Amino acid sequence: MAVTNLKSEQIKMNDMGKIAASADNAKVRLACFDFNQGGETGAAGSTADLVVLPANCRIILALSRITTSALDATLNVGLRAYKNVEGATVAEDEDAIGAALATSTETSVAMGEGYIDVASQGSVTVFAKGTLPANATLKGYIAYLAD
């Protein structure tokens with residue numbers, strides 16, 4: 001077995017002068033949300049825009065959290081469409097952050113594991129999608145890295 005000396009993708013990017021702000025020397029920030037559906041029920045497929053994240057950030061799923069009232073349904077948390085750093089449109093992804101979160105009772109859950117790099121030219125909106133009963137509440141925060 002030979003000795004190897006390899007570099008992470010981040011070190012390679014740094015060597016090329018292309019290190020992303022969200023990957024090097026960034027600060028953990030929280031974008032908090034507090035949503036109330038109000039008196040009208042939102043049928044399946046209803047959405048709630050929660051927070052707006054800055055361009056070119058990294059979402060940390062394990063530190064991001066949502067607390068819901070009893071929804072008696074599953075809930076997805078995703079990203080609205082945005083322009084990537086090359087100017088191409090990245091399609092809306094309704095479950096990029098949290099897929100089929102069980103919310104039949106009042107619950108508080110982390111969004112997942114790992115991270116999502118959002119290499120965008122501008123800000124990106126995080127939204128929830130599902131059935132939203134009258135007076136349903138969604139509270140929490142999205143943790144992300146940014147300069």
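**View 1. β3 meets β11.** Strand β11 (residues 137–146) runs antiparallel to β3, and seven bridges join the two. Strands here are DSSP runs (E, at least two residues), numbered from the N terminus, and two of them pair if DSSP finds at least two bridges between them. Look for Thr67: its bridge partner in β11 is Lys139. Before going on, a word on the model: it's predicted, so local features need pLDDT of at least 70 and side-chain atom pairs count only at pLDDT 80 or more, while totals for chains, interfaces and linings use all residues. Residues are numbered from 1 along each chain as its sequence is written, and side-chain values use heavy atoms, with hydrogens and water left out.

**View 2. β3 meets β9.** Here β3 (residues 57–68) is joined by four bridges to β9 (residues 115–118), and the two run antiparallel. Find Ile60 and you'll see Tyr115 of β9 standing opposite.

**View 3. β3 meets β8.** Strand β8 (residues 107–110) also pairs with β3 in the antiparallel sense, over four bridges. Thr68 has Thr107 as its bridge partner in β8.

View 4. Thr125 sits in strand β10 (residues 124–132). With a relative accessible area of 22%, Thr125 is partly exposed, meaning between buried (under 20%) and exposed (over 50%), using a 1.4 Å probe and protein chains only. Leaving aside residues up to four places away in sequence, Thr125 touches Asp49, Val51, Val52, Gly78, Leu79 and Arg80; contact means heavy atoms within 4.5 Å. As for Leu71, 54 residues apart from Thr125 along the chain, the two C-alpha atoms are separated by 22 Å.
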